[in-house]
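Please consult the sequence and the structure shown here.

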Amino acid sequence: MGFESFQGNPQAVASVREMLVSGRVPGSLLFSGPEGVGKKTLAIMLAKALVCERGGGDFCGECARCRKADQMLTSAREDLARRRDIKESARRAEGLIYFDLQIIEPITKFILAEQIRKLRAVAYTRPFEFPRRIFVVDEAQTIHWQAIDLLLKVLEEPPETSTFILVCPNSFELRPTIRSRCTRVSFRPVDEAIIQSVLARDSKLTPAQRDLSARVAAGSIARARSFDPAEFDRRRQPWVEFLEAVADRGAAGVAGNLRQAFEAARGLAENRGDLEGTLHIGYSLLSDLLRLLLDQATDKITNVDLISRLRRWGPKLGLEGIARLKSGLDQAYRLQIRNVNPQLGFETLAIEANPLPETRSA
Ligand SMILES: [Zn+2]
């Protein structure tokens, strides 16, 4: 237990521990950085360290207060799940109860004004069970605009016994007035070696699957942990078949093949988020093709299990061919994700995706 168990982002951990050891934890903090690197996890660790009976700038996970903190987090999670299931939107934020350690997350697309009103009301009251109250506001960029000024007022006149930790992917999504009130702790993508070691320890993946997972994760431990090789393969297959056909049969029918690949990708996706993920796999293949064509280094290749095939396809497509495929994918992406008429998307695709014959030999 303790900060030792946190993986990656050593500089963020060090700055948090330094605050604790020096006894100068600011009243308002902002944890920002990419998704899936442990921002919320570290915020919760900091919260525990602030209340742990053993103190010493760390938390034990065993004392009464550490265990109480876990109970509070579990209750908050259950409460949130229950609220998300409530059909009538007006009732979702009814009767909120905040613990001394409270996670505040979006109930709908937003963190609702009522959630921030409650925070403000509670923040100035004495904590019940802990020496202080800690509010972790996750996805702070989703705070409803009606509540931003309320939060700002609290941050401007911080209650003595409350600590606020705002968590968000990009601090520039927050209003400058909010940002400037908080001490920043920045997170970076996690090193591949660390992701590999987490996977080697915690997952059932084979070494080859771990290599692929670590690359697809692109610095996100959460993404690496949830990587499903079979599902990834299923989604990638239409693109692989498409590239195989285009590279081996030449330019004739590229548009038809891309259309087929795209329709297959759409067929695999049950919702828009899925489709976006599937299209990203298409992009990852194109950027791998380009990288391998320009530079023999493989350390930035995502689809590591396909390197020999990518090396074969690249020269056949040429730089222009790859660029054309990318612009075809761009068109499809814009039209599909921004949801314009799909037929229109395919017609444009047929024009955009057709590589010029002379460029294929480039
Ligand atoms: Zn403890």
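L30 stands opposite L166 in β4. Strand β1 (residues 28–32) and strand β4 (residues 162–168) pair in the parallel sense over five bridges; two strands pair if DSSP finds at least two bridges between them. The model is predicted, with local features requiring pLDDT of at least 70 and side-chain atom pairs pLDDT 80 or more, while totals for chains, interfaces and linings use all residues. Residues are numbered from 1 along each chain as its sequence is written. Helices (H or I, at least four residues) and strands (E, at least two) are DSSP runs, numbered from the N terminus.

The open sheet has five strands in the order β2-β3-β4-β1-β5, with parallel pairing. β2 and β5 each have a single partner strand, so one side of each lacks a neighbour in the sheet.

| Edge strand | Residues |
|---|---|
| β2 | 101–104 |
| β5 | 183–186 |

On average, neighbouring strands of this sheet are turned by 20° against each other, direction ignored. Helix α4 (residues 113–123) lies across β2, β3 (133–137) and β4, and runs at about 160° to β3. Axes are lines fitted to C-alpha atoms, for helices over the stretch in contact, and angles run from 0 to 180 degrees between N-to-C directions.

The axes of helix α1 (residues 10–22) and helix α2 (residues 39–51) come within 11 Å and cross at roughly 20°. That makes α1 roughly parallel to α2 (angles under 35 degrees). The contact is formed by A12, V13, V16 and L20 of α1 with L42, L46 and A49 of α2; residues are in contact if their C-beta atoms, placed from the backbone, lie within 7 Å.

Key: Parallel < 35°, antiparallel > 145°, perpendicular 65-115°, else oblique. Contact = placed C-beta atoms within 7 Å.
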